[in-house]
Amino acid sequence: MPTASHKYLLIVLAAMFCSSVLADPNADREAFVAYFEASFPDIPFNEYANGIYAIDADAREQWEEIETFPPYSFTLDTGAGLWNETFPDGKTYADCFAGSDSGVRQNYPRFDTHRDEVETLETAINHCREKHGLAGLKFNGEKMLALTAHMAFVSRGNPISIRVSEDEPRALAAYEAGKQFYYTKRGQLNFSCSDCHVTSVGLRVRADRLSAGLGHPTHFPVYRSKLGGMISLHKRFSGCVRDVRAKPFALQSTEFRNLEYFLTFMSNGLEVNGPGARK
Amino acid sequence: MQRTRRLIIKGGVALLALTALPRALIAAAWPQKTFALTTASEALKEYLGTDVTTPSDKIDMKVPEIAENGAVVPVTIKTSLENVESISIVVEHNPRPMAANFEIPPGTLPKISCRIKMGETSDVMAVVKTRTGVYSIAKEVKVTIGGCGG
Amino acid sequence: MRRVLLLSSMFYVIQVAAEDGAGCRAPNEASKAPDSAMTNYKQSHARAECFRLAAAGAGAEWLKTEELLQQSVEEALQGNWDSADQLVQRAQFQAETALLQAQHESEAWKHRVVKK
Amino acid sequence: MAATIKISVKLKGSIADVKSLMLHPMETGSRIDPDTGNAVPPHHITQLVFTNNSKQVMVANFSTAVSKNPYFGFSFEGAKAGDTLKVVWVDNTGASDEIETQLA
């Protein structure tokens, strides 16, 4: 039995390696943006940060009505309070996040060369806590959601600036793995992320219109009216994977962190506008 | 950056809190019975004394054609009718149709907005009681479920 | 609309390389000796579970495969061998198809990448 | 700070535009708790009362059909800077919260 899984792992690794040699993230991003510009010539680039509301006018009116007094207001209060907490050693989050006064959300995820993996805002928060003697927070727990909501809010208006250094093969490999995830069909329904959020944007799946993949990571965490609470980007990933009837990966798993790395790089230049409100 | 934070209304107000003595301050009784009735007609009779309403184009109700989410349907009602005493929101197909009502004293503008729950596609009726009559307008709101976001 | 959701592509993944679960099949061929229902069930369960783990190893496990196996065990514990076996077969079909899907996708994904 | 009420007021001449948001589950009583299989008992705001100085300017009566974390907006005339606007909610369990704000 182990032979089978090893064999597949090798195939995946080999594919990753072969393609990473040729990887050109900037060319990928330009093509990604150009695809949507060609598909929706009337939608200005910045509008993609608003997800489906860039496309669906009736839904947009309801969303704007909700944003006049957004339901995540209370979460932002909680987040601001948590942000200012002092750690046992007298340090604060601001000591871990340089430049946090004007916002850092736009720089995450980043490739952490010491840990040799993609560091998301959530894992960076936990690395910070661990460094200062505190246990990590639950990835989709209220505290983590409130902190990331606060950090996104402070970063509003900053253009997303993800770096995938072409001189760092490990960063490129992580980016390529995320890209492969995005375009790989999975689950009983045999859908890739791109089947819905690139190829079929604007069409309906049952009662929903499909939003564009460009701009997806700008506004998380998000208040979901359906749940009456906030969710993280990885929780949304998990929901999508489940929707195509595949077994979801863990929040902040390598797979999802790499996916976030790729997807956020695709949105470079769009403004951070989190936290958001969605149906 | 100020610009991009516009969605949070900062207003010009300071927020102050007091310790509570609230119950005494609630003047009018909560109309419990109208909220328990299971037909729009009964609920209106109970609350306004009549279920006969005059359709009026002086009432403007803004509701979505298709609700993004039945759990959060934004409703805005305003009217140019004079001497308004109350505004009610009635959702015909909800298990208990009377969703909310608002008592409008003189000096308060007859314009309210809130967010309501709808169990299924239904007519939503805005019922305005003035000193001289009961007026209404109705619009259908479609509630859909399913898909990946809902 | 020129863009269409290709639901018809759902089972584009077909039986290209059925021998890829060879490692999982082996134990079943080997022991055909004690012919009790429980022994047979244990073998088919182990085989399906082996395929499930292989699919998981390829990052391609489907949503309900594990649940089908759990339900199957519950049926087996009550002696409902037929339904237990049906559930095991469904789980194994899912896991094998997921493996084929992963193998196919290890190349196919590249053709979907948006290019200029 | 009142932990469950947020309010924003804009003065336009003598008209005050009031927007408010409450933190409340607004349980209908018919939702089934997936963990226990039992219905979650109704828990919802019944009344929301706005008083400017000593004058009641709005009484909103809510059923369980008002959305979770309710939003409510309205406007009234006769407002001026320095007025004290008070908001109180009460729910069906008798719990309540309130907040006061100076118009500016």
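**Buried contacts, interfaces and salt bridges in a predicted model**

D:Asp91 lies in strand E6 (residues 84-91) of chain D. The model discussed here is predicted.

User: Is D:Asp91 buried or exposed?

Analyst: The cut-off for a buried residue is a relative accessible area under 20%. D:Asp91 has a relative accessible area of 3%. It follows that D:Asp91 is buried.

User: Which residue has a side chain joined to that of D:Asp91 by a polar contact?

Analyst: Leaving aside residues up to four places away in sequence, D:Asp91 touches D:His24, D:His43, D:His44, D:Ile45 and D:Thr46. A polar contact of 2.8 Å joins the side chain of D:Asp91 to that of D:His43.

User: Which residues touch the most other members of the largest nonpolar core?

Analyst: The largest nonpolar core has 51 residues. Another core, of 50 residues, lies apart from it and has among its members A:Phe191, A:Cys196, A:Phe220 and C:Val113. In the largest core, the residues that touch the most other members are B:Ile89, B:Phe102, B:Ile112, D:Phe50, D:Phe62 and D:Phe72.

User: Which residues of chain D does B:Phe102 touch?

Analyst: Residues up to four places away in sequence are not counted here. Within chain B, the residues touched by B:Phe102 are B:Glu85, B:Ser86, B:Ile87, B:Ile89, B:Ile112 and B:Cys114. In chain D, B:Phe102 touches D:Met58, D:Val59, D:Ala60, D:Phe62 and D:Phe72.

User: What pattern does chain B follow along its sequence?

Analyst: Chain B contains 2 helices and 10 strands. Of its 150 residues, 47% count as buried. Among contacts in chain B with a separation of 6 or more, 60% come from residues 24 or more positions apart. Read along the sequence, the pattern of chain B is β-α-α-β-β-β-β-β-β-β-β-β.

User: What area is buried between chain A and chain D?

Analyst: The contact involves 11 residues of chain A and 15 residues of chain D. Carbon and sulfur atoms give 70% of the buried area. The area buried between chain A and chain D is about 930 Å².

User: Which residues form the salt bridge across the interface of chain A and chain D?

Analyst: The count between chain A and chain D is 3 residue pairs in polar contact, and the rule finds 1 salt bridge across this interface.

User: Which helix of chain A gives the most to the side that touches chain D?

Analyst: The residues on this side of chain A divide into 6 nonpolar, 3 polar and 2 charged. The greatest contribution is 3 residues, and it comes from helix H4 (residues 73-83) of chain A.

User: Which residues does A:Trp83 touch?

Analyst: A:Trp83 is found in helix H4 of chain A and counts as buried at 10% relative accessibility. Its C-alpha atom is separated by 8.0 Å from that of A:Ala94, 11 residues apart along the chain. Not counting residues up to four places away in sequence, A:Trp83 touches A:Tyr93, A:Ala94, A:Phe97, A:Ser100, A:Leu147, A:His150 and A:Met151.

User: Which residue of chain C forms a salt bridge with A:Lys247?

Analyst: A:Lys247 lies in the loop between helix H10 (233-243) and helix H11 (254-266) of chain A, and its partner lies in the loop between helix H2 (37-57) and helix H3 (65-77) of chain C. The closest N and O atoms are 3.6 Å apart, and the partner is C:Glu61.

User: What separates C:Glu49 and C:Arg52 in helix H2 of chain C?

Analyst: C:Glu49 and C:Arg52 form a salt bridge, with their closest N and O atoms 2.9 Å apart. C:Glu49 is partly exposed at 23% relative accessible area, whereas C:Arg52 counts as buried at 7%. Because they are 3 residues apart in helix H2, their separation is about one helical turn.

User: Which residues are linked with A:Lys247 in a network of salt bridges?

Analyst: The structure holds 34 salt bridges over all chains. Side chains of opposite charge can pair when their charged atoms come close. The network links A:Lys247 with C:Glu49, C:Arg52, C:Glu61 and C:Glu66.

Key:
Residues are numbered from 1 along each chain as its sequence is written. Chains are lettered from A and ligands numbered from 1 in the order in which they are written. This is a predicted model: local features need pLDDT of at least 70, side-chain atom pairs count only at pLDDT 80 or more; totals for chains, interfaces and linings use all residues. Side-chain values use heavy atoms; hydrogens and water are left out. A nonpolar core is a set of buried Ala, Val, Leu, Ile, Met, Phe, Trp, Tyr and Cys residues joined through side-chain atoms within 4.5 Å. Buried means under 20% relative accessible area, exposed over 50%, partly exposed in between (1.4 Å probe, protein chains only). Contact means heavy atoms within 4.5 Å. Buried area is the accessible area (1.4 Å probe) that two parts lose on being put together, summed over both. A salt bridge is a side-chain nitrogen of Lys or Arg within 4 Å of a carboxyl oxygen of Asp or Glu. A polar contact is a pair of N or O atoms within 3.5 Å; within protein, one must be able to donate a hydrogen and the other to accept it, and residues adjacent in sequence count only if both atoms are side-chain atoms. Helices (H or I, at least four residues) and strands (E, at least two) are DSSP runs, numbered from the N terminus. Ala, Val, Leu, Ile, Met, Phe, Trp, Tyr, Cys and Pro count as nonpolar, Asp, Glu, Lys and Arg as charged, and the others, Gly among them, as polar.
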